[in-house]
Amino acid sequence: MDTIILSDWLGTRLERDAAEPMYRQVLRLVQHAILTGQLAPGTKLPSSRTLADDLDIARNTVLRVYDQLTAEGYVLSTTGSGTYVADTRPDTAAVRPRVFTRASEAGAPEESRAHRSLSTRGRRLIGRAGVAPKQWGAFMPGVPDVTEFPSRTWSRLQARLWKEANPDLLTYAPGGGYRPLRRALSDYLRVARSVKCSPDQIIITTGIHQSMDLAVRLLTDVGDRAWVEEPCYWGARSVLQSAGLELEPIPVDSEGLNPRELAQAAPHAPPRLAVVTPSHQYPLGMVMSLARRRTLLEYARQHDVWIVEDDYDSEFRYGSRPIASLQGLDDAGRVIYVGSLGKILYPGLRIGYMVAPEHLVDTFRTGVAELYREGQLMHQAVLAEFILGGYLTSHVRRMRALYGERRQMLIDAITSRFGDALPVMGDEAGLHLVLGLPDSADDRAVTAAAFEAGVIVRPLAAYYSSEEVARRGLLLGYACVPNDRIGPAFETLARVIEQHLSAGAMHAA
Ligand SMILES: Cc1ncc(COP(=O)(O)O)c(C=O)c1O
């Protein structure tokens with residue numbers, strides 16, 4: 001490596017008209033020269049006065065650069081004797097040359113190199129990532145109408161609470177979350193969801209993903225088996241698989257997940273954990289029957305299985321009152337109930353909760369603090385006031401009426417276009433419905449074409465563990481679509497579907 005005369009070298013590289021300040025330029029260039037060996041270890045740097053004169057820049061600028069280089073270990077300064085480049089070359093005894101085990105590894109193209117950098121579970125996670133690139137617009141499933149969020153009420157409560165902010169509310173928050181919020185939530189869940197709990201059993205998290213992650217990390221080991229519903233929410237699958245669990249998908253029927261099927265197939269190998277959506281199966285929408293609930297709870301009691309009950313949107317049921325939780329029937333402390341404010345208020349709020357069985361409360365509180373360092377108490381305090389002031393229940397009531405109206409408009413649009421040729425499923429509750437497509441249809445292709453046409457839907461096949469068992473259909477969220485957009489957006493989607501189905505029919509003929 002050729003060594004350089006620093007002032008000459010810098011002189012040809014400094015840009016006097018550049019937006020980057022002179023200090024930053026000199027610092028960056030000298031660091032580069034040291035890292036590339038152009039300024040070798042032991043080289044004496046010119047005095048600050050000489051370098052400043054040679055470059056015609058302020059001496060203070062050079063002094064600042066030398067100070068920063070010293071602080072970051074690039075140079076060593078000794079009073080009276082000058083500034084020398086430090087020897088920071090990697091220790092060759094510690095760093096042995098890499099041996100390529102596979103011939104293809106050395107010159108692999110960029111994309112596959114990125115893929116290969118991942119761990120096995122990282123590859124599984126990224127390879128089957130379910131998250132949609134766009135989260136707002138007709139017919140994005142699972143998203144409430146965030147424009148209806150009572151932001152003025154929220155900001156009034158927030159402004160008042162910030163005046164009372166104190167260190168306890170602004171530091172880390174070990175202990176499971178803001179106590180008044182836990183009290184408010186336990187009252188709410190007892191009444192609205194028939195959950196049996198005390199405020200102590202509530203642990204505030206950033207949402208269902210985090211609650212599940214915590215439960216899985218504390219209650220299972222890598223390689224343990226977990227039952228998930230077939231089909232199921234992609235997020236549950238991602239959380240479980242990246243914690244190293246082996247998933248066993250159990251088909252759902254009109255009564256939800258059937259524990260008997262797998263228990264009979266493998267009587268000696270119960271899973272460690274099961275994730276279920278009993279009040280509103282995701283994504284198909286059925287309700288788990290009471291008989292199945294009791295069977296699952298009894299099975300869990302006998303075989304020490306943990307049940308994670310994901311109760312993500314049960315507030316929105318249109319024909320009847322919300323279905324009571326599974327947790328409320330559990331006398332053996334096997335259910336971990338997880339819920340979220342994301343579907344009721346707005347997804348970006350990132351506040352959720354878990355209801356832990358009594359004997360696990362302390363463990364879970366410690367776990368949440370150790371793994372995620374919880375905080376956000378100011379937000380939690382605002383939410384507590386929001387619930388205690390009755391704003392949550394009135395917002396839910398108002399949204400239920402609004403979403404019910406939108407749901408009906410969407411169903412009307414579907415039936416007036418397709419009659420009963422395409423079935424509508426799971427429309428009794430929640431924020432979305434499923435529009436069934438023929439088995440021969442490629443719902444992923446329809447989704448991509450709809451996206452091109454400006455409409456967001458999700459393919460039902462993506463929620464199954466494999467293409468072979470997948471049913472075809474589209475998830476259509478109606479909650480976030482303004483009434484006057486439902487008709488036109490569905491018209492666009494219907495044209496895409498028709499084109500696809502007629503192309504498929506011609507292909508088959
Ligand atoms: C079934 C189900 N569970 C959980 C979630 C996510 O919950 P959170 O935003 O609280 O992590 C969703 C979001 O779409 C969902 O559909």
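Where is the place of Pro 283? Pro 283 lies in the loop between β8 (273-276) and α13 (290-303), where helices (H or I, at least four residues) and strands (E, at least two) are DSSP runs, numbered from the N terminus.

## Basis of the model

This is a predicted model, in which local features need pLDDT of at least 70 and side-chain atom pairs count only at pLDDT 80 or more, whereas totals for chains, interfaces and linings use all residues. Residues are numbered from 1 along each chain as its sequence is written, and side-chain values use heavy atoms, with hydrogens and water left out.

## Domains

The chain is divided into domain 1 (6-85), domain 2 (149-389) and domain 3 (394-508), with bounds that come from an automatic or database domain assignment. Taken over C-alpha atoms, the centres of domain 1 and domain 3 are separated by 63 Å.

## The four-stranded sheet

Strands β12, β13, β15 and β14 form, in that order, an open sheet of four strands with antiparallel pairing; two strands pair if DSSP finds at least two bridges between them. The edge strands, each of which pairs on one side only, are β12 (424-425) and β14 (458-459). Strand β14 pairs with β15 (residues 473-477) in the antiparallel sense over two bridges, and Leu 474 in β15 is the bridge partner of Pro 459.

Helix α16 (residues 391-418) packs on this sheet and touches β12, β13 (432-436) and β15, a contact being heavy atoms within 4.5 Å. The direction of α16 makes about 10° with that of β13; the axes are lines fitted to C-alpha atoms, for helices over the stretch in contact, and angles run from 0 to 180 degrees between N-to-C directions.

The loop between β14 and β15 holds Ser 466, which counts as partly exposed at 23% relative accessibility (buried means under 20% relative accessible area, exposed over 50%, and partly exposed in between, with a 1.4 Å probe and protein chains only).

## Strand β4 and its partner

In a regular strand the side chains alternate between the two faces of the sheet. In strand β4 (residues 202-205), Ile 202 and Ile 204 point one way while Ile 203 and Thr 205 point the other way, and all are buried. Strand β4 pairs with β11 (residues 352-355) in the antiparallel sense over four bridges, and the bridge partner of Ile 202 in β11 is Val 355.

## Aromatic pairs and charges over rings

The structure holds twelve aromatic pairs, counted where rings of Phe, Tyr and Trp (its six-membered ring) have centres within 6.5 Å, with planes under 30 degrees apart counted as stacked, over 60 as edge-to-face and the rest as tilted. The pair of Phe 149 and Phe 386 is stacked, because the ring centres are 6.3 Å apart and the planes stand at 25°. This pair links distant parts of the chain, 237 residues apart, with Phe 149 in the loop between α6 (120-127) and α7 (151-163) and Phe 386 in helix α15 (residues 377-388). Phe 149 is buried at a relative accessible area of 12%, and Phe 386 is likewise buried, at 0%.

Phe 386 also forms a tilted pair with Tyr 391, at 5.6 Å centre to centre and 40° between the planes, and Tyr 391 is partly exposed, with a relative accessible area of 27%. One aromatic cluster is formed by Phe 149, Trp 154, Tyr 346, Phe 386 and Tyr 391.

Elsewhere, the charged end of Arg 64 sits over the ring of Tyr 23, 3.9 Å from its centre, and Arg 334 lies over the face of Trp 306 at 3.8 Å from the ring centre; the criterion is that NZ of Lys or CZ of Arg is within 6 Å of the ring centre and within 35 degrees of the ring normal.

## Loops and backbone details

A cis peptide bond joins Tyr 282 and Pro 283, with omega about 10°. The peptide bond from Ala 138 to Phe 139 is also cis, with omega near -5°, and Phe 139 is found in the loop between α6 and α7.

Asp 56, in the loop between α3 (48-55) and α4 (59-71), is a residue other than glycine with a positive phi, near 60°, and counts as exposed at 65% relative accessibility. Gln 376, in the loop between α14 (361-372) and α15, has a positive phi of about 60° although it is not a glycine. Asn 258 lies in the loop between β7 (256-257) and α12 (259-265) and counts as buried at 15% relative accessibility; not counting residues up to four places away in sequence, Asn 258 touches Ile 250, Pro 251, Asp 253 and Arg 292.
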